[in-house]
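These are notes for a colleague who is opening this structure for the first time. Please read them with the model on screen.

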Amino acid sequence: MTKNILISGASVAGPALAYWLHRHGHSVTIVEKATGLRDGGYAVDFRGEAHLRILREMGVLDDIRREQTHTGAMVYVNANGKKLASMPADLFAGDVEILRGDLARILFEKTAPYTRYVFGDSIARMDEERVAGESTGVTVTFDSGAVGRYDLVIGADGLHSGVRRLAFGPEEDHVSHLGLYCAIFTVPNHLGIDHAGLAYTTPGKVVTMYSARENTEAKAVFYFGAPLTDIDRRDVAAQQRLLAETFAGNGWESDRLLGMMADAPDFYFDSVSQVRMDGWTRGRVALLGDAAYCPSSLSGMGTGLAMVAAYVLAGELAEAGGDHVVAFARYEEAMREYVAGCQKQGQGVARLMVPENRVIAWLLRQNYKLMPYLPGKKMIANSVRKTAENIALKDYLVRRSSQTGTIVSASSPAVIANPPA
Ligand SMILES: Cc1cc2nc3c(=O)[nH]c(=O)nc-3n(C[C@H](O)[C@H](O)[C@H](O)COP(=O)(O)OP(=O)(O)OC[C@H]3O[C@@H](n4cnc5c(N)ncnc54)[C@H](O)[C@@H]3O)c2cc1C
């Protein structure tokens with residue numbers, strides 16, 4: 001039943017899926033467009049039992065806890081850096097928070113011993129093989145000219161997925177812009193921020209700075225409202241120019257942070273968007289994570305959603321005995337409601353994140369000032385947690401054992417026993 005599976009994208013969804021596919025006995029190759037593992041981005045959260053259970057079963061929860069951010073309050077400041085309001089971390093924080101780059105590294109290290117990683121390449125073309133009218137596999141041609149044959153191809157290549165474009169059509173048919181752009185890069189912690197964040201809002205813009213990696217550095221995060229532009233996603237210089245023009249003279253630390261941008265070891269720039277599709281599978285191709293249902297970077301859900309979906313997709317393949325037609329249909333069915341909840345979360349936050357005008361900015365600040373003292377303050381955190389937990393995870397490993405006659409430990413990747421005949 002072993003399948004030869006190609007995954008596009010080595011960030012979060014791809015390596016998480018590689019882990020589960022390997023545990024179910026498949027052979028996995030991951031192709032990543034970047035020439036190495038991509039660091040960068042701010043923090044991602046895991047919350048609720050569904051997320052924690054998956055991390056625990058993958059054996060990465062302790063690694064993640066060791067490197068968690070421990071970020072405390074978010075302090076809103078005025079142009080002079082004077083504190084206006086403070087939001088305690090427990091109002092929004094998940095159970096464990098880690099820098100996205102650190103998580104990607106942990107998942108890569110976990111899966112590297114049994115996954116074939118190919119960096120600096122990308123899928124250029126996919127052709128379904130047919131023998132006597134029956135689909136037998138996919139022939140993949142890579143940008144490098146290499147050709148490979150796979151049983152299944154999974155697009156875990158993010159918001160601007162190449163697999164989605166090849167199998168489902170142009171990006172504009174599936175991606176909805178939420179009206180914001182976001183830039184994130186690492187800077188020295190020149191303000192000496194101690195496990196906290198500082199935020200400065202002006203109409204249509206937010207600049208935040210968070211201490212990171214035990215205060216040894218900081219992350220500068222810029223959000224601004226703008227319609228979708230045709231800026232080249234590969235042209236970092238053009239993106240940095242746009243950011244500099246948008247925030248020049250904006251006040252507080254804006255200019256200083258922009259001045260550090262050119263020396264940043266990482267620079268992430270993208271639209272805040274959602275991917276909305278009627279279906280995530282076609283033939284022998286399936287989409288996973290942001291490529292299929294990006295809830296937006298503001299939802300706080302993208303990473304947990306991708307990890308849950310990797311578990312479900314690999315599990316359904318195992319449960320269907322490798323029959324991808326059955327497994328893909330069950331994967332879509334199992335994820336549909338969960339995805340809808342996570343996406344709703346993203347839309348709500350996008351509306352609140354960047355105030356449109358001074359009046360809304362003022363109202364939001366009053367709200368932030370009052371929030372820590374309101375009796376219903378836990379409601380927001382609880383509602384996000386409920387969304388993250390709104391899925392019943394099957395125990396695929398145990399179920400598979402009863403079907404194949406092979407007992408597989410739920411806590412160890414090894415086959416631990418074969419039942420007597
Ligand atoms: C550098 C970076 C920084 C990020 N920062 C944040 C953040 O601060 N906060 C947040 O909430 N989310 C952030 N995200 C998104 C976050 O990682 C995802 O929302 C979530 O973890 C789901 O991950 P994913 O693996 O589905 O997609 P992504 O994390 O977007 O990963 C997609 C991967 O596919 C690769 N790829 C893209 N196109 C191709 C192609 N044609 N061929 C091969 N590989 C390809 C990309 O290089 C990337 O490694 C960031 C993503 C990246 C890549």
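1. Terms for accessibility come first. A residue is called buried when its relative accessible area is under 20%, exposed when that area is over 50%, and partly exposed in between, using a 1.4 Å probe and protein chains only.

2. On the basis of the model: the structure is predicted, local features need pLDDT of at least 70, side-chain atom pairs count only at pLDDT 80 or more, and totals for chains, interfaces and linings use all residues. Residues are numbered from 1 along each chain as its sequence is written, and side-chain values use heavy atoms, with hydrogens and water left out.

3. On disulfides (pairs of cysteine sulfur atoms within 2.5 Å): the structure has 0 of them. C182 takes part in no disulfide, and its nearest cysteine sulfur, in C294, lies 11 Å away. C182 is also buried, with 2% relative accessible area.

4. C342 is buried, at a relative accessible area of 0%.

5. On salt bridges, the term covers a side-chain nitrogen of Lys or Arg within 4 Å of a carboxyl oxygen of Asp or Glu. How many does a search of the whole structure find? The count is 21 salt bridges. Three of these pairs are described in the points below.

6. R164 pairs with E171 in a salt bridge, and 3.8 Å separates the closest N and O atoms. Are the two partners buried or exposed? R164 is buried, with 1% relative accessibility, whereas E171 is partly exposed at 22%.

7. R234 and D232 form another salt bridge, with their closest N and O atoms 3.5 Å apart. R234 is exposed, having a relative accessible area of 61%. D232 counts as partly exposed, at 36% relative accessibility. Elsewhere, salt bridges with shared partners connect D39, E67, D102, R105, R213 and E217 in one network.

8. R213 is partly exposed, with a relative accessible area of 30%, while E217 counts as buried at 16% relative accessibility.
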